[in-house]
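Me: I'm new to reading protein models, and I'd like to learn how strands and sheets get their labels. Could we go through this one together?

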Amino acid sequence: MRVLAAMSGGVDSAVAAARAVEAGHEVVGVHLALSRAGGTLRTGSRGCCTVEDALDARRVADLLGIPFYVWDFSERFRDDVIDDFISEYRAGRTPNPCLRCNEKIKFAALLERALELGFDAVCTGHYATLVDGEGGLELHRASDSAKDQSYVLGVLNAQQLAHTYFPLGTTPSKAIVRAEAAERGITVAQKPDSHDICFIPDGDTRGWLAEKVGTATGDVVDRSGEIVGSHEGAHAFTVGQRRGLRLGVPAPDGKPRFVLEVRPVTNTVVVGPKEALAIAEISGERFSWAGPAPAVSEFACEVQIRAHADPVPATAFVAEEGVRVVPDEPLDGVAPGQSAVLYVGTRVLGQFTIDTTVSAVPVG
């Protein structure tokens, strides 16, 4: 099999490429240049796809004896990930840029080019597994639940799964991957994992958004509409946030208040008690299936709303206009723009972008 190994410069993609070579595949390594700032540097575990990462990936490719290329996807990344991130925040939504990168870059733009060049599959260091099911190829959780990345892969469709290769999916732990890298002489064996948003390496999302979107003074109100504070831009807030509210009017019960809703049209932030973050129902119009679609329009499943959240038992209802999910117990702090990934056991059924939520706690 001809395999294009996406090499980020980290230990996971390095070991994935090494395993693909060891399995006898014809492997070519590629590093994606996603930043237009050519001098971008990594700081510890912050940032990725930097100059250092490209050099690390090249050294691994040289060690493995495989061809290596750097492909400039910065324009596509800007359009499909960074600009999308900005526009979602402007709309008062909370996007997941890692999920969007998988959807638009690694398993769309990269896979499209790979297939055009005659490759059979794209190999990545993601922790997830592929299983031949009765209805076709299925996406499942990784063996290592602590490293499982199936949530951010829930956007993949059947055609993409058919050309995807996850050599690390059945590995019991990340420690084994690092030990294997050291045994192979891979220099990034102990390289820290990247954290935060890769295009905001200093981690200051609020400051970055203020620079891109601008600031505009607005009101912070409680659930009854009473003004309890002010802010310099609704885009800087997300549902569930507690810190940085700077409220001038304390809650009647003296308890902390949390962001319940962001209203970009009026530049208003709504706050309230923690219990008001409980959500009884979520729904969305933009959905996709990871492999065969469910055969029925109503089914029991588990729903996961964040990459590291616990899955919650739920019932899903599917119609032409979208997907609606009612969890068996309320979800905590759900924000429009997040992705809800549906599971049955370890299998990923699909996902949808959350458009609307229904609170479990009525106003009043």
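This is a predicted model: local features need pLDDT of at least 70, side-chain atom pairs count only at pLDDT 80 or more; totals for chains, interfaces and linings use all residues.

Me: What makes β9 and β10 edge strands?

Reply: Their sheet is open, with four strands in the order β9-β8-β11-β10 and mixed pairing. β9 (227–231) and β10 (258–263) each have a single partner strand, so one side of each has no neighbour in the sheet.

Me: Which strands are at the edges of the five-strand sheet, and how do its strands pair?

Reply: That open sheet has the order β3-β2-β1-β4-β7, with parallel pairing. The edges are β3 (68–72) and β7 (164–165), each pairing on one side only.

Me: How do you know that β1 and β4 count as a pair?

Reply: Three bridges link β1 (residues 2–6) and β4 (residues 121–123) in the parallel sense, and the cut-off is at least two, so they pair. In one of these bridges, leucine 4 is partnered by valine 122 of β4.

Me: What do β5 and β6 form, and in which sense do they pair?

Reply: They form a hairpin, with two residues between the strands. β5 (residues 128–133) and β6 (residues 136–141) pair in the antiparallel sense over six bridges, and glycine 133 stands opposite glycine 136 in β6.

Note on methods:
Residues are numbered from 1 along each chain as its sequence is written. Side-chain values use heavy atoms; hydrogens and water are left out.
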